[in-house]
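The sequence and structure are shown below.

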Amino acid sequence: MAPGSNLELVRQRLAAARNITVLTGAGISADSGVPTFRGADGLWRNFRAEDLATPEAFERDPRLVWEWYNWRRELIATKQPNAAHLAIVELERRAPTFWLVTQNVDGLHRDAGSRKLSEIHGNIWKVRCTGCHAVSENRDVPISILPFCPQCRALLRPHIVWFGESLLAADLQQCSTVLRNCDLLLVIGTSGVVYPAAGFATLAKEAGAFVVEINLDSTPQSSLVDVSLQGRAKDLVPLLLDPT
């Protein structure tokens, strides 16, 4: 099927869908200039993300980990939601039933106006107390290093799911519910290799959903979905809502 007819097919399916779920990954944030923070893009003082985003690294040297997160926060603070983020907000407004699942921690979906969402890997603008476990928003740039809980004075950590940690049970349950009940799933800007999100398209497909992938390149999911569109999220996602 030609790319143009693929676009039209997805527009028609979106317009008819009553229950829509969207899954986003790093590709949508890349269109806003946010690096992946993995591999070469994430190298900082010769540390890789995998060296710092772990409970063990934080226990060993919380100051170093917070200095890295402060660098990330300062970089992300200069970025804005792009046309794809805004189109997803419009899709939320139009759809009778809608849920957004994002793997991104940059908060750009919330900044754009998304409200029905699960940030399954956390949010870099939130902190969690290592003592009382309270979660709160913190937009300080730069953040005080080391930051402490205003209630119990215990050390704060980024509210991020680190390597070696499990996703929150409530988030996993919400994801399972929306994926099993949606009639259309949009998978945007994710490579389809990081679990559990890599299995979400299969879960929705098995439950009967029409699954659409939008990514710069083909992925391991491309052969499984109903339509795979290659291109930038900021270019393609708005076209799905407004052909003009």
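In which strand is Thr102 found? Thr102 is found in strand E2, which covers residues 97–102. The model is predicted, and the values given in this report are computed from it.

## Surroundings of Thr102

Thr102 counts as buried, because its relative accessibility is 1%, below the 20% limit that applies to buried residues. Its side chain takes part in a polar contact of 2.8 Å with the side chain of Thr24.

When neighbours within four places in sequence are left aside, the residues in contact with Thr102 are Thr24, His109, Ser118, Glu119, Ile120 and His121.

## The cavity

A search of the whole structure identifies one cavity of 30 Å³ or more. The largest cavity holds about 50 Å³ of space.

The lining of the largest cavity consists of Leu23, Gln103, Val187, Thr190, Gly192, Ala197, Ala198, Ala201 and Gln221. By class, five of these lining residues are nonpolar and four are polar, with no charged residue.

## The second largest pocket

The second largest pocket holds about 200 Å³ of space. It is lined by 16 residues, of which Gly122, His159, Val161, Leu168 and Asp171 are the closest to its centre. Strand E3 (117–119), strand E4 (122–129) and strand E6 (156–160) are the elements that each give two or more residues to this lining.

Strand E4 makes the greatest contribution to the lining of the second largest pocket, with four residues. The lining residues of this pocket comprise four nonpolar, six polar and six charged.

## Cysteine residues

How many disulfides does a search of the whole structure find? The search finds zero. For Cys132, the closest cysteine sulfur is that of Cys129, at 3.7 Å, and this is too far for a bond, because a disulfide requires sulfur atoms within 2.5 Å.

Is Cys149 buried or exposed? Cys149 is buried, with a relative accessible area of 2%. Cys132, by comparison, counts as partly exposed because its relative accessibility is 38%, a value between the limits of 20% and 50%.

Key:
Residues are numbered from 1 along each chain as its sequence is written. This is a predicted model: local features need pLDDT of at least 70, side-chain atom pairs count only at pLDDT 80 or more; totals for chains, interfaces and linings use all residues. Side-chain values use heavy atoms; hydrogens and water are left out. On a 1 Å grid over the protein atoms alone, a cavity is a set of points where a 1.4 Å probe fits but cannot get out, and a pocket is an open set with protein on both sides within 12 Å along at least five of seven lines; lining residues have an atom within 4 Å of a point. Grid points are joined across faces, edges and corners, and a volume is the space filled by probe spheres set on the points. Ala, Val, Leu, Ile, Met, Phe, Trp, Tyr, Cys and Pro count as nonpolar, Asp, Glu, Lys and Arg as charged, and the others, Gly among them, as polar. Buried means under 20% relative accessible area, exposed over 50%, partly exposed in between (1.4 Å probe, protein chains only). A polar contact is a pair of N or O atoms within 3.5 Å; within protein, one must be able to donate a hydrogen and the other to accept it, and residues adjacent in sequence count only if both atoms are side-chain atoms. Contact means heavy atoms within 4.5 Å.
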